[in-house]
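Hi everyone, thanks for coming along. I'd like to walk you through one structure today, so please have a look at the screen with me.

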Amino acid sequence: MTTSPRKIAFIGAGNMTQSIVGGMVKSGYPSDHIYVSNPSPEKLDKLKTTLQVHTSQDNQVVAEAADVIVLSVKPQLMADVCATLKQQVANLDKKLIVTIAAGIRIEKYRQYLGENIRMIRVMPNTPSLVGKGMSGLVADDRVSEADKAFITDAFDGVGATLWVADEDELDILGAVAGSGPAYFFEFMASLQKAATALGFDRDKARQMVQQTALGAAEMAIASKLELEELRKQVTSKGGSTAKGIEVYQAADIDDISGQAVKAAVQRNQEMAKLF
Ligand SMILES: NC(=O)C1=CN([C@@H]2O[C@H](COP(=O)(O)OP(=O)(O)OC[C@H]3O[C@@H](n4cnc5c(N)ncnc54)[C@H](OP(=O)(O)O)[C@@H]3O)[C@@H](O)[C@H]2O)C=CC1
Ligand SMILES: O=C(O)[C@@H]1CCC=N1
């Protein structure tokens with residue numbers, strides 16, 4: 001990290017918090033600067049034992065202790081969680097508020113937490129756990145450059161960061177990168193099933209699928225070529241890949257991805273209205 005670590009509290013210890021906190025500690029963020037709260041103790045116990053972070057079943061305790069509060073509960077719980085924080089935590093407007101929830105707009109948080117809060121919305125994804133996350137960020141105009149640098153640093157520690165222009169763009173980034181690991185896992189599982197249907201055992205099928213996914217992603221990152229060009233390099237004229245690709249193209253894979261991303265963007269927009 002190039003910025004100094006600040007005391008940071010995560011409200012909610014679910015999948016995404018576990019991925020981010022796990023990744024932060026692995027990347028060298030001091031665990032005694034990390035606080036996590038959750039209503040049930042099991043996830044807290046695991047985080048405390050494996051990562052030595054501070055934990056509490058009381059949101060107020062961790063929120064009071066920290067300078068940065070990361071809201072990491074499901075969107076449908078956000079209004080209630082914020083209402084309680086507003087009631088219980090002194091000087092919320094002195095703390096940097098970060099939310100990773102999909103959909104809900106900064107304007108809504110002002111209603112929940114007070115007009116004077118300063119806020120960054122981050123849309124991370126679960127590969128943060130292994131330092132390969134992709135996080136989108138957008139800030140309100142009260143957030144300082146130092147705040148932005150700190151949060152960029154923290155999320156760079158668990159992968160890559162991309163500041164977007166506005167909250168509409170964050171909805172799209174969420175539909176591509178936030179949800180994206182699920183799309184890739186779905187596709188990988190389908191290839192695994194295809195290999196097992198032809199006689200491979202599940203473990204061997206999984207090994208060949210995951211190593212191939214890793215190799216393809218690393219090649220895409222290392223190469224300046226268009227993804228379509230990398231695809232063509234594998235597709236020998238008259239060869240076997242061409243036959244496989246024909247099947248995907250006949251099913252119009254571009255249209256399928258287009259529909260999937262639009263559906264996820266639409267849900268983000270709905271959640272903005274609902275919660
Ligand atoms: N999962 C993902 O890939 C991504 C998720 N997000 C966003 O991250 C947020 C969290 O998602 P995710 O981690 O998947 O969800 P989870 O359901 O895994 O985690 C939510 C956690 O919040 C806890 N919780 C429930 N009520 C409260 C409360 N009153 N105070 C504090 N904690 C509470 C739950 O505890 P318990 O289980 O004990 O009830 C649970 O551990 C969501 O808003 C989502 O939109 C963003 C990007 C990617
Ligand atoms: O499914 C969701 O709503 C969250 C946001 C992106 C990934 N998970």
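Let me begin with a question: which residues are around ligand 2? In this model, which is a predicted one, they are Ala102, Gly174, Gly178 and Ser179. Sorted by class, that shell holds one nonpolar residue, three polar ones and no charged ones.

Now to the other ligand. Ligand 1 is surrounded by 27 residues, and the closest are Gly12, Gly14, Met16, Ser40 and Ala101. Two elements give two or more residues to this shell: helix H1, spanning 15–26, and helix H4, spanning 75–88.

Let's zoom in on one pair. Strand S4, residues 68–71, and strand S5, residues 96–99, run parallel and are joined by four bridges. Within that pair, valine 68 of the chain stands opposite leucine 96 in S5.

What packs on this sheet?

Next, helices against helices. For two packed helices, the description is the angle between their axes plus the distance between those axes. Here is H1 again, this time with helix H2, residues 41–51: their axes come within 11 Å and cross at roughly 10°. Angles under 35 degrees count as roughly parallel, so that is what we call H1 and H2. On the H1 side the contact is made by Gln18, Val21, Gly22 and Val25, and on the H2 side by Lys43, Leu47 and Leu51. By class, that gives four nonpolar, two polar and one charged.

And here is H4 again, with helix H5, residues 106–113. The axes of H4 and H5 come within 8 Å and cross at roughly 45°, so these two helices are oblique to each other. Which residues meet there? From H4 we have Ala79, Cys82, Ala83, Leu85 and Lys86, and from H5 we have Tyr109, Tyr112 and Leu113. The contact of H4 with H5 has seven nonpolar residues, no polar ones and one charged one.

Finally, let's step back to the whole chain. The domain assignment gives domain 1 as 8–173 and domain 2 as 180–272. Taken over C-alpha atoms, the centres of domain 1 and domain 2 are separated by 31 Å. How many residues of each domain are in contact with the other? There are 10 from domain 1 and seven from domain 2. The side of domain 1 that touches domain 2 divides into five nonpolar, three polar and two charged residues.

How values were computed: Residues numbered from 1 in each chain as written. Chains lettered and ligands numbered in written order. Predicted model: local features only at pLDDT ≥ 70, side-chain atom pairs only at ≥ 80, totals over all residues. Near = placed C-beta within 6 Å. Nonpolar A, V, L, I, M, F, W, Y, C, P; charged D, E, K, R; others polar. Pairing = 2+ DSSP bridges. Domains from an automatic or database assignment. Contact = placed C-beta atoms within 7 Å. Axes fitted to C-alpha atoms, helices over the stretch in contact; angles between N-to-C directions. Parallel < 35°, antiparallel > 145°, perpendicular 65-115°, else oblique.
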